[in-house]
Amino acid sequence: NSLIAEKPDALVVHNFNVQLLAKQLKKAEEAGIHVVQVNMVSNYKTGAYVGADWGQIGRIVGEDVVQSCGAESGTSGKVAVVQGDLTSAASIEQLAGFKEALAADTSIEIVSEQDAAWDASKANTITATVLQQHPDLCATFGFWGTMQNGAAQAVKAAGKTDQVKVYASGEGNRQDCTNVDDGLFYKFLNYSAPKQGEAIMSTIGFMLQSGLAPQDIRMAHYSRPFWVTKDNVDPSMCFDVPS
């Protein structure tokens, strides 16, 4: 609200959930302010979205889980899901895409589907409990690498790193690549925050030069995800978080 009162040319917004800023985003556009939503969208769609196609992210990971834990894998087929916040677009759409992909193999069973509120310690506790209940777990998928690091540590503590495949998606900070290199993450699907930063700036440049009103622009710039694995991990794939 205070930013809207300052009347900037553009706002870049990261929504915690689909409802939180809906009224403010509409108010900003009505005030003539261009709004770019990043990664987690609101129920109110502004002029531009820059970020991951969450349904696609979920499907890509799900398809790989089918290969790793499906009928021909010789595993239990049991899979755990560690969500972020249940009201976040990133969680809602990622889960839908993941389940869509898993539907291709009826031998796969999601034995746990809990939210850790983007918190690594909660992901650790959840995963430790799941491993006690399902010691033959095949894979766990977490919706953010920083959070899923907690799950990976639980898998390591249980001595099941070679058995349980830890999947994560995320922006690609240094820890994500380190976890892959150390074998804590089986695979990490990177949508690259630095590239998103470049896309945000080019999107704002277009909006300001277009001469169009905020309500007359509707565009999306989706990040292109790529796998980071033990076979291809390289320092250039991830970025250092400023201290």
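Colleague: What should I know about the model and its numbering?

Modeller: This is a predicted model, in which local features need pLDDT of at least 70 and side-chain atom pairs count only at pLDDT 80 or more, while totals for chains, interfaces and linings use all residues. Residues are numbered from 1 along each chain as its sequence is written, and side-chain values use heavy atoms, with hydrogens and water left out.

Colleague: What makes Cys69 and Cys138 a disulfide?

Modeller: A disulfide is a pair of cysteine sulfur atoms within 2.5 Å. The S to S distance of Cys69 and Cys138 is 2.0 Å, so the pair is a disulfide. The angle about the S-S bond is -85°, and the link is left-handed. Cys69 lies in helix H3 and Cys138 in the loop between H5 and strand E6 (139–142), 69 residues apart, so distant parts of the chain are linked; helices (H or I, at least four residues) and strands (E, at least two) are DSSP runs, numbered from the N terminus.

Colleague: Why is the disulfide of Cys177 and Cys238 called right-handed?

Modeller: Because the torsion about its S-S bond is about 80°. The sulfurs of Cys177 and Cys238 are 2.0 Å apart. Cys177 belongs to helix H7 (residues 174–181) and Cys238 to the segment after E10, 61 residues away. The count comes to 2 disulfides, and with the bonded cysteines numbered in sequence order the pairing is 1-2, 3-4.

Colleague: Why does Cys177 count as buried?

Modeller: Buried means under 20% relative accessible area, exposed over 50%, and partly exposed in between (1.4 Å probe, protein chains only). Cys177 has 5% relative accessibility, so it counts as buried. Cys238 has a relative accessible area of 7% and is therefore buried. Cys69 and Cys138 are buried too.

Colleague: How do you know that E2 and E3 pair?

Modeller: Two strands pair if DSSP finds at least two bridges between them. Strand E2 (residues 34–38) and E3 have 3 bridges, so they pair, in the parallel sense.

Colleague: Which way do the residues of E3 point?

Modeller: In E3 (residues 48–51), Ala48 and Val50 point one way and Tyr49 and Gly51 the other, and all are buried. In a regular strand the side chains alternate between the two faces of the sheet.

Colleague: What makes E5 and E10 edge strands?

Modeller: Strand E5 (109–115) and strand E10 (226–229) each pair on one side only. They belong to an open sheet of 6 strands with mixed pairing, in the order E5-E4-E6-E7-E8-E10. Strand E8 (residues 187–190) runs antiparallel to E10 and is joined to it by 4 bridges, with Val228 in E10 as the bridge partner of Phe188.

Colleague: What describes the packing of H3 and H4?

Modeller: Helix H3 (residues 54–69) and helix H4 (residues 89–102) pack at an angle of about 35°, with their axes 6 Å apart. Axes are lines fitted to C-alpha atoms, for helices over the stretch in contact (heavy atoms within 4.5 Å), and angles run from 0 to 180 degrees between N-to-C directions. The crossing is right-handed, a term for the near helix being turned clockwise from the far one by less than a right angle, left-handed being anticlockwise.
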